[in-house]
Amino acid sequence: MAVLILLQTGCDEPDTPSSNERTGQKELKRPQRPDSPRPYHVEKVTFRGAGGVELTGILSRPVGEGPFPGVVLVHGSGPANRDYEIRGHRFFQVLADYLTRHGTAVLRYDKRGIGNSEGTFASADHKTLARDAAAALRLLKNWSIVDAAKSGVMAHSEGGLVASRMHLRHERASFLVLLAPLATPGYHSLPRQHARRTSLAGAPDSVVDSLRLVRRRIAEAVRSATDSAEIIQRVKAIYRRRGASVEEFQEFAESSLTASSRDFIRSTPRQWYRNLDVPVFVLYGENDIMVEPERNADSIQAALQKSATKEVTVRVIEDLNHWMQPAETGRVHEIAQTDTTIDSEVLEKVTAWINRREE
């Protein structure tokens with residue numbers, strides 16, 4: 001059963017300290033970060049996710065009686081708090097602020113094992129993350145000021161797989177908004193992703209080709225192994241053959257051998273997308289080097305055309321990176337360098353599309 005705790009009925013949000021604040025570094029300019037007081041209500045919620053684990057989040061709701069449309073925000077890969085904070089940007093906080101100001105109730109939460117949520121992140125596979133998202137959506141839909149029939153999910157990157165699984169297996173959403181979702185098999189996508197990043201960093205073609213081959217072997221090892229011990233054994237052998245250090249392998253293992261990372265590599269996204277049966281809105285950034293926009297846009301478009309959904313929108317927006325920010329190359333270092341957390345065109349498009357669900 002979902003447990004709700006009212007933190008406040010005012011308009012100030014209890015901020016999570018940014019990474020810069022925690023380390024004492026100078027705070028970067030982030031003009032989209034909302035100031036207090038805010039013209040909407042903010043409430044702290046706790047609810048039970050998969051296995052009864054207590055998860056903590058923030059519900060922001062417009063002022064008024066409602067009922068309002070609702071959205072649950074679902075993170076991409078990696079450990080993430082409710083703000084989905086990366087390099088000084090609070091992506092979900094900015095999204096929630098904009099949506100709430102324009103009439104939508106928004107629930108965002110700390111992943112299990114992160115922030116104030118209980119549980120262990122490393123052992124959370126896609127099934128577990130989907131059940132956590134389902135619990136969040138059920139909580140939102142049961143809120144008296146939220147219109148359950150007009151409540152859906154907005155997910156980023158790997159979150160598109162989690163959200164689709166959630167809808168098909170655990171809790172129905174009335175719509176899905178997918179930002180930079182993976183739509184090609186993970187074991188194909190990962191080697192290409194690493195190769196593109198290395199190429200943009202200026203590495204010669206021979207190095208790029210070598211890295212692509214190594215990553216392809218690693219992806220195949222993860223895909224075909226039966227358990228974690230076999231994965232570690234096979235990947236260690238690959239690293240030894242290329243003369244890598246123990247430290248290099250350890251760094252890889254910590255970031256790439258979590259349960260969700262294994263599911264990502266083994267994923268075949270089109271099997272989920274072609275079974276969807278609700279309106280779907282998809283956006284990619286033209287300069288996304290993490291999820292290739294054209295290949296993935298074509299793939300998800302083809303899958304959704306075979307689905308039962310009657311409303312499909314797939315768009316690629318010029319000059320944006322994986323995080324929907326203005327970017328020249330899409331390289332990761334640009335995230336911290338830009339002041340823009342989310343491009344205004346993205347905010348406007350997703351908000352207008354959600355609001356049309358009310359018509």
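This short talk describes the strands and helices of one predicted model.

Good morning. Residues are numbered from 1 along each chain as its sequence is written, and side-chain values use heavy atoms, leaving out hydrogens and water. In this predicted model, local features need pLDDT of at least 70 and side-chain atom pairs count only at pLDDT 80 or more, while totals for chains, interfaces and linings use all residues.

I begin with the sheet. Helices (H or I, at least four residues) and strands (E, at least two) are DSSP runs, numbered from the N terminus. Two strands pair if DSSP finds at least two bridges between them. Eight strands form an open sheet, in the order S1-S2-S6-S3-S7-S8-S9-S10, with mixed pairing. At its edges stand S1 (40-48) and S10 (312-317), each pairing on one side only.

Let us look at S2, residues 54-62. S1 and S2 pair in the antiparallel sense over nine bridges, with Leu55 in S2 as the bridge partner of Phe47. The two strands form a hairpin with five residues between them, and Gly51 in the turn has a positive phi of about 70 degrees. S2 also pairs in the antiparallel sense with S6 (residues 105-109), over four bridges; here Leu59 stands opposite Leu107 in S6.

Is S2 largely enclosed or open? Eight of its nine residues are buried, so S2 is largely enclosed by the rest of the structure. Buried means under 20% relative accessible area, exposed over 50%, and partly exposed in between, with a 1.4 Å probe and protein chains only.

Further along the sheet, S7 (residues 146-156) and S8 (residues 176-179) run parallel and are joined by four bridges. Met154 has Val177 in S8 as its bridge partner.

I turn now to the helices. H3 (residues 126-141) is mostly covered, with 13 of its 16 residues buried. The expected span of a helix is 1.5 Å times one less than its number of residues. For H3 this gives 22 Å, and its end C-alpha atoms are 22 Å apart, which agrees.

Finally, the axes of H6 (residues 205-224) and H7 (residues 228-241) come within 9 Å and cross at roughly 165 degrees. Axes are lines fitted to C-alpha atoms, for helices over the stretch in contact (heavy atoms within 4.5 Å), and angles run from 0 to 180 degrees between N-to-C directions. H6 and H7 are therefore roughly antiparallel, a term for angles over 145 degrees. Among the residues that meet are Val214 and Ile218 in H6, and Ile231 and Val235 in H7.

Key
Parallel < 35°, antiparallel > 145°, perpendicular 65-115°, else oblique.
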